[in-house]
Amino acid sequence: MNKPPGLLALVVRIINLQRMIKKAAIFTFLLLVTAVVMAQVPSGIPSGTPEPLELTLTNIIVFIVLPVIIVILYIYWRRKKRK
């Protein structure tokens, strides 16, 4: 006669099933992320070498000064919010 599996055997089967599901979920996630990343690469467009940013007054203000000011204001705001 077939004896029903013990509680320990049932727990082991459930744990193994959970591991399989976890591995399958991770594999599926990585596969989807890879597909999304590959979809971002243009295939028919020639890519040139990027030119460096010219150091005009406008570019210095927009790309250097404003981000620094934003970061400083954010840090100040977070410290003020904690108090």
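Reply: Let us begin with a term. A helix here is a DSSP run of H or I with at least four residues, and helices are numbered from the N terminus. Please note also that this is a predicted model.

Me: How many helices and strands are there in the protein?

Reply: The protein has two helices and zero strands. Helix α1 covers residues 7-39, and helix α2 covers residues 57-82.

Me: What makes the protein more spread out than a compact globule?

Reply: The globule rule gives 12 Å for 83 residues, whereas the radius of gyration of the protein is 28 Å; that value is well over the rule, so the protein is more spread out than a compact globule. Along the principal axes, the C-alpha atoms fill a box of roughly 90 × 55 × 10 Å. Buried residues, those under 20% relative accessible area, make up 1% of the 83 residues.

Me: What is the span of helix α2 set against, and where does α2 bend?

Reply: Helix α2 has 26 residues and reaches 36 Å from its first C-alpha to its last, which is close to the expected 38 Å. The bend is about 30° and lies at V65, with the proline P67 following within four residues.

Me: Why is the pair of Y74 and W77 called tilted?

Reply: A pair of aromatic rings is described by the distance of the centres and the angle of the planes. Rings pair if their centres lie within 6.5 Å, and planes under 30 degrees apart count as stacked, over 60 as edge-to-face and the rest as tilted. The centres of the Y74 and W77 rings are 6.0 Å apart and their planes stand at 40°, so the pair is tilted. The structure holds one aromatic pair.

Me: Why are Y74 and W77 separated by about one helical turn?

Reply: The separation is about one helical turn because Y74 and W77 are three residues apart in helix α2.

Me: How do you know whether Y74, W77 and T34 are buried, exposed or partly exposed?

Reply: Buried means under 20% relative accessible area and exposed means over 50%, with partly exposed in between. Y74 has 47% and is therefore partly exposed. W77, at 44%, is likewise partly exposed. T34, at 45%, also counts as partly exposed.

Me: Which backbone oxygen does the side chain of T34 reach?

Reply: T34, in helix α1, reaches the backbone oxygen of L30 with its side chain at 2.7 Å.

Terms used
Residues are numbered from 1 along each chain as its sequence is written. This is a predicted model: local features need pLDDT of at least 70, side-chain atom pairs count only at pLDDT 80 or more; totals for chains, interfaces and linings use all residues. Side-chain values use heavy atoms; hydrogens and water are left out. The expected span of a helix is 1.5 Å times one less than its number of residues. The bend at a residue is the angle between axes fitted to the seven residues ending there and the seven starting there. The radius of gyration is taken over C-alpha atoms; the globule rule is 2.2 Å times the number of residues to the power 0.38. Buried means under 20% relative accessible area, exposed over 50%, partly exposed in between (1.4 Å probe, protein chains only). A polar contact is a pair of N or O atoms within 3.5 Å; within protein, one must be able to donate a hydrogen and the other to accept it, and residues adjacent in sequence count only if both atoms are side-chain atoms.
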